[in-house]
Amino acid sequence: MELGAAQNPNPNPDAPPISAYYQTRAEHHGVVSSDWLAHAAAAAALPTPGADAAGVEDAAAPPPSPGTGGVIEEFNSWRRKPEAAEAVAAIMALTAVIRSSRATTMMELEIELKKASDKLKSWDATSISLSAACDLFMRFVTRTSHLEHEKFDAAKSRLIERGEKFGEISLKARNTIAMLSQDFISDGCTMLVHGYSRVVLEVLKLAASNRKLFRVLCTEGRPDRTGLRMSNELAALGIPVKVLIDSAVAYSMDEIDMVFVGADGVVESGGIINMMGTYQIALVAHSMNKPVYVAAESYKFARLYPLDQKDMTPAHRPIDFGVPVPAGVEVETSARDYTPPQYLTLLLTDLGVLTPSVVSDELIQLYL
């Protein structure tokens with residue numbers, strides 16, 4: 001087997017599933033229309049200060065075809081790119097399926113795409129962003145209302161064009177969010193971040209490059225210590241950072257001006273599913289009138305409506321306390337929790353700055 005290839009995180013169906021995401025990781029009101037793709041394209045078209053245009057073009061270019069290896073191999077080839085999120089890798093892999101398809105009718109092509117999408121989603125059934133990206137791809141790229149009167153070859157070319165555009169938008173999402181977030185970071189502020197989030201890191205990196213002066217309190221992120229990775233990267237950027245043990249959030253909340261978190265998924269209620277501990281941080285912040293900002297790419301918008309903490313597909317991560325756990329003692333291994341929308345202030349997305357209620361409206365329209 002090829003060295004470095006991404007593996008299915010759940011090879012044993014009888015074992016608790018370990019999410020690939022946790023295995024490898026680390027007064028504004030937006031109004032959006034029902035045309036999700038048009039809004040995303042408009043947002044992605046915003047210029048990014050200091051960005052290397054050639055680098056973006058290189059990132060958007062498809063990698064060498066893996067031959068007949070299939071959608072999973074294409075997906076893995078994209079996942080090995082450092083800045084490519086799992087969802088973006090899925091979008092690129094599905095576009096490659098269209099490009100290499102030997103189908104001769106739209107029906108055959110849609111069936112082939114649906115099978116490829118289902119295969120990707122089953123690769124890690126606990127990944128919300130992977131599932132959401134596949135669903136969004138199928139919803140927009142294969143919409144046939146304007147293609148049914150075209151010849152098949154022309155229609156297929158149109159689908160490839162849509163898929164590539166969708167992938168390009170998704171690749172630019174973090175930069176777009178970073179730009180939109182700058183108005184919320186002022187000189188002299190102190191913010192709390194939880195664990196490691198690539199989009200939050202991009203927000204703070206851009207703020208530092210704009211010579212804004214701010215301080216970051218970063219949770220340790222036990223048991224996998226993702227916060228230590230985040231603090232190391234912030235310190236390397238010259239950003240003043242202080243690491244907190246996870247249980248010191250309430251103790252330190254009076255020091256901070258705002259909370260910035262990422263999200264594994266944004267659900268129909270406008271709430272988020274994210275790394276374990278996000279919910280309790282939002283509760284403490286809400287009780288002390290501190291704003292909670294969520295930075296999340298729009299390909300993480302998921303057609304889910306959890307009613308409580310247990311009403312979602314479980315995702316587990318291994319836990320090492322450093323000492324033996326006594327026999328008979330149960331250990332909670334859930335990797336994420338659900339934060340209801342009433343504890344969130346704004347969501348900073350590549351579609352714009354949204355309130356939780358607008359996210360809900362957008363998702364409802366999205367799947368009509």
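The protein has 14 helices and ten strands, where helices (H or I, at least four residues) and strands (E, at least two) are DSSP runs numbered from the N terminus. This is a predicted model, in which local features need pLDDT of at least 70, side-chain atom pairs count only at pLDDT 80 or more, and totals for chains, interfaces and linings use all residues. Residues are numbered from 1 along each chain as its sequence is written, and side-chain values use heavy atoms, with hydrogens and water left out.

**Exercise 1. Describe the seven-stranded sheet and the helices that pack on it.**

Step 1. Set the strand order. The open sheet runs S3-S2-S1-S4-S7-S9-S10, with mixed pairing; two strands pair if DSSP finds at least two bridges between them.

Step 2. Find the edges. Strand S3 (241-244) and strand S10 (352-354) each pair on one side only.

Step 3. Axes are lines fitted to C-alpha atoms, for helices over the stretch in contact, and angles run from 0 to 180 degrees between N-to-C directions.

Step 4. Place the helices. Helix H10 (residues 198-209) packs on the sheet and touches S1, S2, strand S4 (258-261) and S7, its direction making about 160° with that of S2. Helix H13 (residues 278-287) also packs on the sheet, touching S1, S2, S4 and S7, and its direction makes about 160° with that of S4. Contact means heavy atoms within 4.5 Å.

Step 5. Check individual pairings. S1 (residues 189-193) and S2 (residues 214-219) run parallel and are joined by five bridges, with Cys 189 opposite Phe 214 in S2.

**Exercise 2. Trace strand S9 through its partners and its side chains.**

Step 1. Take the S7 side. Three bridges join S7 to S9, and the two run parallel; Ala 295 stands opposite Leu 348 in S9.

Step 2. Take the S10 side. S9 and S10 run antiparallel, joined by three bridges. They form a hairpin with two residues between them, and Thr 349 has Gly 352 in S10 as its bridge partner.

Step 3. Sort the side chains. In a regular strand the side chains alternate between the two faces of the sheet. From S9 (residues 346-349), Leu 346 and Leu 348 point one way, Leu 347 and Thr 349 the other way, and all are buried. Buried means under 20% relative accessible area, exposed over 50%, and partly exposed in between (1.4 Å probe, protein chains only).

**Exercise 3. Where is Met 253, and which residues does Met 253 touch?**

Step 1. Locate the residue. Met 253 is in the loop between helix H12 (249-252) and S4.

Step 2. List the contacts. Not counting residues up to four places away in sequence, Met 253 touches Leu 192, Val 259, Ile 281, Val 284, Ala 285, Met 288 and Lys 290. Of these, Val 284 is 31 residues from Met 253 along the chain, with 7.6 Å between their C-alpha atoms.

**Exercise 4. Which salt bridges involve Glu 255, and what do they link?**

Step 1. Apply the criterion: a side-chain nitrogen of Lys or Arg within 4 Å of a carboxyl oxygen of Asp or Glu. The structure holds seven salt bridges.

Step 2. Take the first partner. Arg 215 forms a salt bridge with Glu 255, the closest N and O atoms being 3.6 Å apart. This pair links distant parts of the chain, with Arg 215 in strand S2 and Glu 255 in the loop between H12 and S4, 40 residues apart.

Step 3. Take the second partner. Lys 242 and Glu 255 meet through their side chains at 3.9 Å, N to O. Lys 242 lies in strand S3 and Glu 255 in the loop between H12 and S4, so the pair ties together parts 13 residues apart in sequence.

Step 4. Arg 215 is partly exposed at 29%, as are Glu 255 at 30% and Lys 242 at 34% relative accessibility.
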